[in-house]
Amino acid sequence: EGYTFDCCYADNSLSGDKWAFTTAVENDMTLYGSFIADEYTVTFDANAGEDAVTGVPAQQVVKHGERTAATGTPERKYYTFKGWATTADAAEPNFTAGPSGDAVTGPTTLYAVWERNQVDVHFYGDEGTLDGGKSRVTVTINEGDVMSSELIPTPDEREGYTFDGWYFVNGDEKLDLNTLIFTTDAQIEARWTQNTYTVTFDANGGAFDSNGTATYAVSNVYH
């Protein structure tokens, strides 16, 4: 299996023309042959849909039982290359390509196996609390994604303050988490605005002077 019998030669060096069996045999003779390894095409599939991938090896022709040449490491945005597999839906590599890898025993298509990168987004209450009393909430999402609204922590009510919005720690610009694409781990904090109140003083029948002092008219009292 994997070899084709190449016959036949009169010379044991297997050189020259093959023996023509229409030639008359006039003496005892020995004919020589050999098994030649079959050759197979090995195709490398990026297995990435419409995503751009660089570094995918070109097609190779490999003899039966031999290994592929070095394949390098393909690159895809937001993903880590894990290796090669013989099926497109494999979650883990099952074929090692390269000079020290697995032997090729037939026509082969190898599919890249990818793992989506993830990022950790840490939310801080910044003197307030989140999601029912937590000072910090960590959310893990796929790199390159916008965080879905149900994953965003809910700031708890804080006495005397109103939630102003989300900011990167040490940042000055309010964030729109409905459109922000996360490409790395991030630290985000809640910012609060201190409430202000109007205090009204009523002279209650008197009058305020310019200093804010209330004066009252008092009727004469006779005894």
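Trainee: What makes E189 and R191 a salt bridge?

Mentor: Happy to start there. A salt bridge is a side-chain nitrogen of Lys or Arg within 4 Å of a carboxyl oxygen of Asp or Glu. The closest N and O atoms of E189 and R191 are 2.8 Å apart, so the pair meets that rule. Before we go on, please keep in mind that this is a predicted model, in which local features need pLDDT of at least 70 and side-chain atom pairs count only at pLDDT 80 or more, while totals for chains, interfaces and linings use all residues. Residues are numbered from 1 along each chain as its sequence is written, and side-chain values use heavy atoms, with hydrogens and water left out.

Trainee: Why is E189 called buried?

Mentor: Buried means under 20% relative accessible area, exposed over 50%, and partly exposed in between (1.4 Å probe, protein chains only). E189 has 13%, so the residue counts as buried.

Trainee: How many salt bridges are there by this rule?

Mentor: The count comes to 6. Among them is D51 with R76, where the closest N and O atoms are 2.8 Å apart. That pair links distant parts of the chain: D51 sits in the loop between β3 (39-45) and β4 (53-54), and R76 in strand β6 (residues 75-76), 25 residues apart.

Trainee: Are D51 and R76 buried or exposed, or in between?

Mentor: D51 has 38% relative accessibility, so D51 is partly exposed. R76, at 12%, is therefore buried.

Trainee: What makes D145 and R116 another example?

Mentor: Their side chains meet in a salt bridge at 3.1 Å, N to O. D145 lies in the loop between β10 and β11 (161-168) and R116 in strand β8 (residues 108-116), so the pair ties together parts that are 29 residues apart in sequence. D145, at 28% relative accessibility, is partly exposed, and R116, at 26%, is partly exposed too.

Trainee: How do you know that β9 and β10 pair?

Mentor: Strands are DSSP runs (E, at least two residues), just as helices are runs of H or I of at least four, and both are numbered from the N terminus. Two strands pair if DSSP finds at least two bridges between them. Strand β9 (residues 118-124) and strand β10 (residues 136-142) have 7 bridges in the antiparallel sense, with D120 opposite T140.

Trainee: In which sense do β9 and β12 pair?

Mentor: In the parallel sense, over 4 bridges, with β12 spanning residues 186-194.

Trainee: What does the secondary structure come to?

Mentor: The protein has 0 helices and 14 strands.
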